Protein chains: 2
Amino acid sequence: MSEKKILLREDEMPKQWYNALPDIPGGMKPPLDPATKQPIGPDKLGAIFPMALLEQEMSMAPWIDIPEPVLEIYRLWRPSPLIRAFELEQALGTKARIYYKYEGVSPVGSHKTNTAVPQAYYNKQAGIKRIATETGAGQWGSAMAFASSKMGLECKVYMVRVSFDQKPYRKAMMHTYGASIVASPSQDTNYGRSVLARDPDSPGSLGIAISEAIEDAVTHDSTNYALGSVLNHVLLHQTIIGLEAKKQLAKVGDFPDVIVGACGGGSNFAGIALPFLPDRLAGKNIRFLGVEPASCPTLTKGKMAYDFGDTAQMTPLLPMHTLGHDFIPPGIHAGGLRYHGMAPIVSALVREKILEPIAVHQLECFEAGVLFAKAEGIIPAPESCHAIRGAIMEATKDLNEPKTILLNLSGHGHLDLASFEQYFAGELHNYAYPAEAIAESLKHLPEI
Amino acid sequence: MSEKKILLREDEMPKQWYNALPDIPGGMKPPLDPATKQPIGPDKLGAIFPMALLEQEMSMAPWIDIPEPVLEIYRLWRPSPLIRAFELEQALGTKARIYYKYEGVSPVGSHKTNTAVPQAYYNKQAGIKRIATETGAGQWGSAMAFASSKMGLECKVYMVRVSFDQKPYRKAMMHTYGASIVASPSQDTNYGRSVLARDPDSPGSLGIAISEAIEDAVTHDSTNYALGSVLNHVLLHQTIIGLEAKKQLAKVGDFPDVIVGACGGGSNFAGIALPFLPDRLAGKNIRFLGVEPASCPTLTKGKMAYDFGDTAQMTPLLPMHTLGHDFIPPGIHAGGLRYHGMAPIVSALVREKILEPIAVHQLECFEAGVLFAKAEGIIPAPESCHAIRGAIMEATKDLNEPKTILLNLSGHGHLDLASFEQYFAGELHNYAYPAEAIAESLKHLPEI
């Protein structure tokens, strides 16, 4: 009987993150200052980020050391297991070998802690005492609350109002780690108050919450802002996923033909895929499959443009695939994938035709997730169901092709079971591709 | 840096369960037929249990082979990690070494799958097609739903009404694994209908739900009943926890001075402790600490008596510590510990003064759980918070005593976060020891 779970010892955990920046073919365009349209420098961003993270954001070093105190917290749950999906393969009747890297073992149940911990660490090193951040679905807020607690930082989370009301479990998790949480839009910022003045019943949005958190960081002493996806340094930290997976596959003498990840802001996909980029560039026949929701099709229907990361236009302009910063995605249950933009690194990989994006509907994702749960036991997060759906499509295209599929199971679904219950009750539906809203939101954005 | 997580390879997983029955000093009294007051035979119990489980229930063999198909499902999550609580030790300032065996890695997030899988397996082997069972807090129902799904059995869960209404996430989990669930008391059984006729708004109780599930099994073809704690065969299956822990401790050259587990029906505590019983009997200085809720103090305030396992008096009479089968425990949030009885094996260990029981209040348990979460990351289930509280008491009695404490972290609290939120909101309180209710419920039960 082959091993089901391929484990690494703690002393086999990678000691460096892989930095994809120097390897991106064609290079990367810089983020711009919206006021001047010139490349934005560390001086301006230094108001809300510590210098160590800004250095990582722009570094051209291929490898970056993981600080010892970060490694020590990582080992609370890392290395995470790589699991061979024998039971899923059998259920599908495929000759493909499917492996999933299981990030649900983290304290908060998702991969987000991989970057929350170093972000908290570098902020602590810089003398920062307090972090302001936002959360939509709640994974990122939970991760930052946990990381702040470990580093002795205060943490204030602006939680999108609709999630705040619908996700009491996520709130409780953040409270357990000592964070303070407010529904966004809130009375705690000028921007929040202005939104509430116009619309007292605003359900909020990720864009509004980001703007509130940034304003909080700018207007409070010793407070910085933290973002859970999109930025280069976030993707850098997540590469530990793929670096471990590579070691684990090597232990069983395997190597991926296809790597599959869900695409929201990009860090989930990038975490598993980027460490295999040098292999691809060296000529290995390895495909990268990014799975996004059909209702928020940033990579398949968006435009490569300079756009804001938030609706209130407070962030720098990022060179990325975007549906436009005014676009409000439909209310699918994979909240972590409801974002108008995409990490510049991931966007560049699409531009270079290295990453193949596909868009899938939510019902087929829940169906894939339930099949996975019955076979493998683990109930996946709705975001991860997208990756599973993509992997199943690959594994069943030709059942007799013995290819190796590696997927990122970024989190468990124990905190998202309400959406599964709605799925079983027949209360969920697919959303049509919101073509008009996207066209409207994109019309003033020049392609780059 | 010492390893934080002590792991076993899959091929190091125990291949046999440890059977404590032949080792219990003074032996065990048999269960009785309530009608005749004579020892009950396998013939009667065969109506609701497969013969293989009844043989295990009474076996005097010291070791019992784990069937290969059960091992194969175990390896979806087993061996589970043994984790050194460095961070908790540091937070407490203790010289004690604290290890926790983490059973929250199972698909349903608790140890219950360790027995659900073999129970489903033996029923399948016996030609059974359908399992009827009950669930209170939801852990057991989830585990049985998962195990039934893996074995291709139908599963019907009678879920205590109050949990059915308050725990939609647990319901969704059972639905994901394909189980059908009904609120108990239900219209699906004579007993349920009789309860509803008397009290249409009955919140239900574990006793009522057990009676409904047994009636269901008796009155349906190819249907058996399954119980998640108390019985000898359940405790047998849970010994894999302690057997693994023993191997893991040996890897780091350690051995427990104190073993701590929460006591509800007894399988959680027994799972970690029983494999160390032979060591204790051979003269090793090792203490067994069972932690129960002060509001349901079966071991510290109950009586050793022959009593029913359910309120409707449908089960055999079991020789156990009990608060009386009419006793309804207060609504503490560790639902898995709200049971009037206790496993006969665990009760016998108390009788022999091998197990030291202590009773703790719920607020101090939540406090311990939050401290643990901030230190170790993992948010524990409310039941597991009891074991943590016990371990902390041991570790802080004398901060300079370098003893080794082993505790069973039986599950994560991701599905119980609502109770943490109530704790933070100051809405939870301790319950006074319900002396009068217990005296009333016990007055007609002769001590044995």
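Q: Why is the meeting of the B:Glu10 and A:Lys5 side chains called a salt bridge?
A: In this predicted model, the N to O distance between B:Glu10 and A:Lys5 is 3.1 Å. A salt bridge requires a side-chain nitrogen of Lys or Arg within 4 Å of a carboxyl oxygen of Asp or Glu, so the pair qualifies. The count between chain A and chain B is two salt bridges.

Q: On what basis are values reported and residues labelled?
A: Local features need pLDDT of at least 70, side-chain atom pairs count only at pLDDT 80 or more, and totals for chains, interfaces and linings use all residues. Residues are numbered from 1 along each chain as its sequence is written, chains are lettered from A in the order in which they are written, and side-chain values use heavy atoms, with hydrogens and water left out.

Q: What confidence does the predictor assign to chain A and to the complex?
A: On the pLDDT scale, the predictor's confidence in each residue from 0 to 100, chain A has a mean of 95, and 100% of its residues reach 70 or more. The complex receives an ipTM of 0.95 and a pTM of 0.96.

Q: How do you know that the two copies are related as by a two-fold rotation axis?
A: Superposed by least squares on the C-alpha atoms of residues with pLDDT of at least 70 in both, chain A is laid on chain B with an RMSD of 0.0 Å by a turn of 180° and a shift of 0.0 Å along the axis. The relation is thus as by a two-fold rotation axis.

Q: What makes the copies meet through the same surface?
A: With contact taken as heavy atoms within 4.5 Å, 50 residues from chain A and 50 residues from chain B take part. Of the interface residues of chain A, 100% are also interface residues in chain B, so the surface is the same.
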